[in-house]
Amino acid sequence: MNRIVLFILILLLFTASAAFVWWALTLPGAVTVPFGEREISIQSGLAAFLMLLFGGVIAFVWWLISGLFILPGKIGKSRHASRTRKANSALTEGLLAAEAGDSNAALKLAKKAAKHAEDERLKLLLEARAAEANDDWAGAERAWGQLSRLPGGQLAGLRGSAAAAAERGDQLTAEARAREALGIKSAADWPFNNLFDLQVSKGEWTKALETLSIGEKRGLVTGDSLRRRRAVLHTARAVGLPHESKLEAQKELAEALRSAPAFPPAAWHGARQLMTDDKARAAQGVLELGWKARPHPALAQLARRLVPQDTSANIAARLKSLIDMNPTHRESRILSAELSMDKADWTDAIKTLALLVEENPTARLCLLMERALKGYGDKKEAERWGRMAVSASREPDWSDIDPKGIAFDYSTRDWSRMVYAFGDVGDLVHPRYESFGRELEAGRVMALPAPDDDKVTPPKAPDGPVVPPLDYVADED
């Protein structure tokens with residue numbers, strides 16, 4: 001189609017030219033040109049045609065002369081364009097080779113780009129990437145550092161420097177680079193994330209809280225994630241404080257509860273701090289606040305021990321208050337069954353546990369059912385549930401409580417994981433569950449030791465011959 005249009009245009013142009021020539025040749029009159037002593041007469045149309053032709057020749061000669069003057073500039077531009085193409089090609093191929101992990105090719109192309117590229121930033125970028133591909137973290141950090149001092153390359157250079165320093169194991173330098181980048185006004189979120197991650201990994205809870213506040217002001221972390229992260233950091237800091245800083249620890253735990261009441265470790269440690277100060281009523285209030293937001297068996301265990309040598313009626317009242325905070329929750333129903341067993345109401349306990357077992361027959365529930373059936377008097381069925389507990393699944397929340405009744409005894413690494421697991425997702429991490437650590441025996445009531453006078457006297461050996469149990473007596477014919 002295009003060829004047809006082009007042919008028609010050429011045909012029209014040729015026709016118009018022929019018509020113009022014919023018109024010019026048919027013009028009347030002549031042009032007289034003196035030539036020495038003679039005069040040459042030229043027809044008007046031919047004279048016009050010759051003048052046009054002469055003008056074209058002059059224009060062509062002028063174009064040739066001007067071209068000689070601008071030729072050096074064109075040659076320079078051509079060479080510059082050639083170098084630019086080579087530099088762009090080397091940079092592109094070098095970056096691709098670095099990303100692909102071809103360290104040798106990346107290094108060769110980086111040297112080639114250094115010869116042709118005019119922008120120092122691009123050369124340094126490729127040099128840094130090539131060094132990273134060769135695991136030359138010191139060289140990469142040097143190139144990134146040079147890039148950070150050039151206009152427009154500061155933020156990218158600091159990011160690369162921080163990453164290279166971290167790879168070298170120099171956490172202090174990595175933190176310093178991230179902190180420097182955080183001081184630059186930018187919408188990039190990596191300075192906050194890098195600095196926060198480094199501080200959390202080292203257990204620097206106070207610094208992490210300060211960085212979190214900066215992230216909040218800049219809108220880099222908001223909503224539930226912000227509040228839950230803050231709760232974990234305050235709790236971790238409170239747990240790590242020495243005993244003489246008890247008041248400061250209580251303030252930290254109060255901040256954690258205000259940020260996220262649904263974080264059981266904050267409620268447990270906060271109530272335990274108050275319990276050691278003989279503030280049982282305040283501790284009970286903290287436990288009820290935590291239970292309402294997110295029931296956890298460790299909170300119920302602590303509620304049993306708030307007052308040493310307390311009466312069973314007072315203990316039951318405290319546990320009943322917890323149940324009333326969140327009556328439909330699974331942990332509240334389990335606690336209700338335990339209260340029934342404490343009152344020797346075995347039938348009600350078995351009914352409650354039977355419904356729970358149908359939902360999820362865990363080892364904890366099986367042991368509670370064994371205890372209830374023993375109290376009821378059905379020893380055979382109780383033994384069957386005891387055997388089922390051996391192969392039943394464990395409960396992560398229950399695994400938080402060790403055999404001595406202490407809960408949420410996390411290491412620095414565990415708290416660091418909790419910052420993200422609970423902070424960003426709302427999930428609790430259970431290190432003892434993951435490591436198959438020993439846990440408190442389900443159904444066991446934790447209490448402080450009784451006075452020496454109340455201790456039970458150990459049984460004496462029987463005087464007569466030992467009679468074997470009925471199970472061992474041979475059947476009589």
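Let me start with Phe 436, which counts as exposed because its relative accessibility is 68%. Please keep in mind that this is a predicted model, and that the values I quote are computed from it. Phe 436 sits in the segment after α22, the helix that covers 431–434, and although Phe 436 is not a glycine, it has a positive phi of about 55°. As background, most residues other than glycine have a negative phi.

Asp 278 also has a positive phi, of about 60°, and it is not a glycine either. Asp 278 is found in the loop between α12 (264–276) and α13 (280–293), and with a relative accessibility of 73% it counts as exposed.

Now let me turn to the interior. In soluble globular proteins, nonpolar side chains tend to be buried together. Here the largest nonpolar core has 55 residues, and the members that touch the most others are Phe 196, Leu 233, Phe 263, Leu 287, Leu 319, Leu 322 and Met 418. There is also a second, separate core of 19 residues, which includes Ile 334, Ala 349, Ile 350 and Cys 366.

What does Phe 196 touch, if we leave aside residues up to four places away in sequence? Its contacts are Ala 208, Thr 211, Leu 212, Arg 229, Leu 233, Val 419 and Tyr 420. Phe 196 is buried, with a relative accessible area of 1%, whereas Tyr 420, at 25% relative accessibility, counts as partly exposed.

That brings me to the aromatic rings, where the count comes to seven pairs. In one of them, the ring centres of Phe 196 and Tyr 420 are 6.3 Å apart and the planes stand at 85°, so this pair is edge-to-face. Because Phe 196 belongs to helix α8 (residues 190–201) and Tyr 420 to helix α21 (residues 412–425), the pair ties together parts that are 224 residues apart in sequence. Another edge-to-face pair is formed by Tyr 410 and Trp 415, at 5.0 Å centre to centre and with 70° between the planes; Tyr 410 and Trp 415 are both buried. Ring pairs also link Phe 263, Trp 268, Phe 408, Tyr 410, Trp 415 and Phe 422 into a cluster.

Two members of that cluster, Phe 263 and Trp 415, come up again when we look at Thr 235, a residue of helix α10 (residues 223–240). Is Thr 235 buried or exposed? Thr 235 is buried, since its relative accessible area is 0%. Not counting residues up to four places away in sequence, Thr 235 touches Leu 253, Ala 256, Phe 263, Pro 265, Ala 266, His 269 and Trp 415.

By class, the lining of the largest cavity comprises six nonpolar, one polar and four charged residues.

Definitions and conventions. Residues are numbered from 1 along each chain as its sequence is written. This is a predicted model: local features need pLDDT of at least 70, side-chain atom pairs count only at pLDDT 80 or more; totals for chains, interfaces and linings use all residues. Side-chain values use heavy atoms; hydrogens and water are left out. A nonpolar core is a set of buried Ala, Val, Leu, Ile, Met, Phe, Trp, Tyr and Cys residues joined through side-chain atoms within 4.5 Å. Buried means under 20% relative accessible area, exposed over 50%, partly exposed in between (1.4 Å probe, protein chains only). Contact means heavy atoms within 4.5 Å. Helices (H or I, at least four residues) and strands (E, at least two) are DSSP runs, numbered from the N terminus. Rings of Phe, Tyr and Trp (its six-membered ring) pair if their centres lie within 6.5 Å; planes under 30 degrees apart count as stacked, over 60 as edge-to-face and the rest as tilted. Ala, Val, Leu, Ile, Met, Phe, Trp, Tyr, Cys and Pro count as nonpolar, Asp, Glu, Lys and Arg as charged, and the others, Gly among them, as polar.
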